[in-house]
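These are my notes on what I looked up in one structure.

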Amino acid sequence: SDFNINDGGSPTHPMNYSWFGILIIVSILLNSIQMGIELQFTSDLAHLLCQISENIFTFLFLMEMIVKLHGHGFIGYFRSSSRVFESFVVFTSIIDNWIFGLALSSDAMTSLNIISLLRLARLVRILRVLNMKAELTMILEGIGSSIRSMFWLSILLIILLYSAAIAFVTFIGQSDDYPENVFQNKVYFGDLVSGLITSMNLALLADWDVVVRPVVRYQPHIAFLLIAYVLISIFGILNAIVSVIVQRTGEAAKAAEKEQMLLFQNAQMERFEQMSKIIEDLDTDGDGFVSPTEIDVAENNEEVADAVKELDLPHNFKLSDIYTMLDKEGAGRLTQESFNEGMKRLIFSNEFQQRCLNQLGEAHLKRNMSEMRQDLIARIGDLSEQMEDLRDDIEKLPERIARVVASGAFPDAGTHRDVHRDLEPELMPVSVPFRAGAPGPDEWAPSGE
């Protein structure tokens, strides 16, 4: 499962099955091993076994080519440069094993250099294994993308090597200070070519111990030049080349991670479309909204539960959680449009866009709280005005009661209901709720109390 065996086309085609990819990988590795064994063991039995295995591998790779031709079509197959190279290797194997192998003798085939080149072309097939492993592909892409930057660094290194070789040939190679039994300066710095080779080895610290000791002993002033050259070449240019490769490899890793994220998003999009259809079917009453009640009913559906699990959401995340998350207004009503918009934002938003969405949510929350605060202040103001009016009415109540009393004596108990009806217009402005258990207007006693 760690290998990338998908070759495009239909996911259900045999060329994208795991067993097919693993079979090809194993065949490539065994074929490469067989080529090494053929060179190591030269007996007739080993040669016969290698020939049989070579024909088997040729047949397997031919079958692979036919399967991919069926999956991609003739034109689609040759649109990929890697598949064009695969077909070239297959044809060279066929020419080598099934045409030249039958038409020519072993000695005649050995004498033909073109046959050796065709066989070496089969060895390049092992690069397909590198392409199937993401980490190996990332390293190769990093090295490949750093070639342009390394070109100019290589030019700088060549200039340094050339200048150093001329200086070392002049001061060390043409010097007579070195005993021949101690240091053969003519061998290491006798001419420009030998000087270039030794300078390159010094940059790699290959001949450092052989050269530096006699130079320090017999030409100590030249030793400073030698040390300066090694420091510049190693800690300067070579380290810069390594840093370029590391940087490009890091960029390739980010690109590979981005590609993997895109594949994940596309897979999530397919599941989202399936989930979108399910949400549309949840609107059983046809009002255009999905209510919490409809969500609760749908959570018992196995198809809905499986679709939620495939979305790769947090552990124990339910459909009701998705509903709550996407219901931005909190009104308990989710439309198909709101669901589609929310899921697309959730799947395809990068880190910056997620921060924007989080800040937008916080801003909506603050605005709602501000509106609630303003509404509450207005309601409290209205309530204060009503309390002021009530207090004024209560303050005027004794005056009204006195005016009613002064108007005449209270009737007897038998007619107190009629009196209350007569007094009702005077008492109506006072709207005070009665305390629980207190007597109502119909139970007032006709006394002055």
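**Entry 1: a helix pair**

I looked at how α1 and α2 cross, and the crossing is left-handed (the near helix is turned anticlockwise from the far one by less than a right angle; clockwise would be right-handed). I note that this is a predicted model, in which local features need pLDDT of at least 70 and side-chain atom pairs count only at pLDDT 80 or more, while totals for chains, interfaces and linings use all residues. Residues are numbered from 1 along each chain as its sequence is written, and side-chain values use heavy atoms, with hydrogens and water left out.

Helix α1 covers residues 18-40 and helix α2 covers residues 44-72; their axes come within 10 Å and cross at roughly 150°. That makes α1 roughly antiparallel to α2. For the terms, I wrote down that helices (H or I, at least four residues) and strands (E, at least two) are DSSP runs, numbered from the N terminus. Axes are lines fitted to C-alpha atoms, for helices over the stretch in contact, and angles run from 0 to 180 degrees between N-to-C directions. Under 35 degrees counts as roughly parallel, over 145 as roughly antiparallel, 65 to 115 as roughly perpendicular and the rest as oblique.

Which residues of α1 and α2 meet? I find Phe20, Ile24 and Ile28 among those in α1, and Phe57, Leu60 and Phe61 among those in α2 (contact means heavy atoms within 4.5 Å). By class, the contact of α1 with α2 has 10 nonpolar, five polar and three charged residues. Here Ala, Val, Leu, Ile, Met, Phe, Trp, Tyr, Cys and Pro count as nonpolar, Asp, Glu, Lys and Arg as charged, and the others, Gly among them, as polar.

**Entry 2: salt bridges**

How many salt bridges does a search of the whole structure find? I get six, where a salt bridge is a side-chain nitrogen of Lys or Arg within 4 Å of a carboxyl oxygen of Asp or Glu.

I took Asp209 and Arg213, whose closest N and O atoms are 2.7 Å apart. These two residues are four apart in helix α12 (residues 208-218), so about one helical turn separates Asp209 from Arg213. Asp209 is partly exposed at 45% relative accessibility, and Arg213 is exposed at 58% (buried is under 20% relative accessible area, exposed over 50%, partly exposed in between, with a 1.4 Å probe and protein chains only).

Next I looked at Arg248 and Glu251, which form a salt bridge of 3.2 Å, N to O. Both lie in helix α13 (residues 220-282), three residues apart. Arg248 is partly exposed at 23%, and Glu251 is partly exposed at 36%.

The salt bridge of Asp375 with Arg379 has its closest N and O atoms 2.9 Å apart. Both residues are in helix α18 (residues 351-406), four residues apart, about one turn of the helix. I also noted that shared partners join Glu64, Lys68 and Glu86 into one network of salt bridges.

**Entry 3: two single residues**

Is Ser93 buried or exposed? At 3% relative accessibility, I count Ser93 as buried. Ser93 lies in helix α4 (residues 81-103). Leaving aside neighbours within four places in sequence, Ser93 is in contact with Thr58, Trp98, Arg122 and Arg125.

I then turned to Phe348, in helix α17 (residues 336-348). Phe348 is partly exposed, at 34%. Leu262 is 86 residues from Phe348 in sequence and 8.8 Å away in space, C-alpha to C-alpha. With neighbours within four places in sequence left aside, Phe348 is in contact with Gln265, Met269 and Gln353.
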